[in-house]
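Hi everyone, thanks for coming.

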Amino acid sequence: MIPFVAVVSLRGRKSRTLRIWVPLILLWLFLVPLGVLLSPLVFIVFLACRVNPFRAFSVGWQILYALNDTEFEIDHPSAGVSICVF
Amino acid sequence: MNEHRRQILQMLSEGKISADEAERLIAALEERPAGSSENVSDSGAKARPKYLRVQVDSEDDGHEGPTKVNVRVPMQLLRAGVKLAGLIPPQALHRANVAIHEKGIPFDLSQIKPENLEELIDQLSDLSVDVDQKDHATKVKVKVFCE
């Protein structure tokens, strides 16, 4: 399943943590019609670069699909950032 | 009887090790934790790891404290990522090959097949990298493993 939510946590020096839930599903809903509109152009660009557009779309979709459960965390006494994709 | 125990007994029967050594080796085998990778492979059902974990722990003397980086990448994402190599246009692949040869590395990127990449990802399950570096004022620990 493609990721629906990303949780971004930001921590400052005073140990206050700001947690932001990013509803990725809204982003996908916005990008789908845009992608459909731009697909002929993207298709031509891929062909011009001699890249199989179907394969490129397939790999892009697989990467998007596999993003689930990705976690990235940096922690320092002065600040911390954490990004989790669900 | 698992494979390791059989090997120990075989070495004992061949006279390569003494009875005491065999006993010690078997005791060491039994002391292993139940969830160790060896035991899992013995049962024949080795679980495929789901994530690649990278942990970096860096500490500077005289600074505020340690910096920790913790990255968890799904293996599925690595699998999809390596497929991007198949999308490299032939001209770019040729230029990359030329650059690699100029560096004296006998490697041809065009020889990489999707099945090779799959195999590479599969072999990552046994990967474990531990780097422990200590400079004048800096201590860095890097751990890469699959889970």
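Along its sequence, chain B follows the pattern α-α-α-β-β-α-α-α-β-β. That comes to six helices and four strands, where helices (H or I, at least four residues) and strands (E, at least two) are DSSP runs, numbered from the N terminus. Please keep in mind that this is a predicted model: local features need pLDDT of at least 70, side-chain atom pairs count only at pLDDT 80 or more, and totals for chains, interfaces and linings use all residues. Residues are numbered from 1 along each chain as its sequence is written, while chains are lettered from A and ligands numbered from 1 in the order in which they are written.

How much of chain B is buried? Of its 147 residues, 3% are buried. A residue is buried if 20 or more other C-beta atoms lie within 10 Å of its own, exposed if 12 or fewer, and partly exposed in between, with C-beta atoms placed from the backbone.

Now look at two helices of chain B, H1 (residues 3-13) and H2 (residues 19-30). They pack at an angle of about 175°, with axes 10 Å apart; axes are lines fitted to C-alpha atoms, for helices over the stretch in contact, and angles run from 0 to 180 degrees between N-to-C directions. So H1(B) is roughly antiparallel to H2(B), a label for angles over 145 degrees. On the H1(B) side, B:His4, B:Arg5, B:Ile8 and B:Leu12 take part, meeting residues of H2(B) that include B:Leu25 and B:Leu29. Being in contact means that C-beta atoms, placed from the backbone, lie within 7 Å.

Over to chain A. A:Arg50 sits in the loop between helix H1 (24-48) and helix H2 (53-66) of chain A. Its phi is near 60°, a positive value in a residue other than glycine. Why does A:Arg50 count as exposed? Because it has 10 C-beta neighbours inside 10 Å. A:Asp69, in the loop between H2 and strand S3 (71-76) of chain A, also has a positive phi, near 70°. With 16 C-beta neighbours inside 10 Å, A:Asp69 counts as partly exposed.

Finally, where do the chains meet? The contact takes 20 residues from chain B and 21 from chain A. S2(B) gives the most to chain B's side, with eight residues. S3(A) and S2(B) pair in the antiparallel sense over five bridges; strands pair if DSSP finds at least two bridges between them. One bridge joins A:Asp75 to B:Lys68 in S2(B).

Definitions and conventions
Parallel < 35°, antiparallel > 145°, perpendicular 65-115°, else oblique. Contact = placed C-beta atoms within 7 Å.
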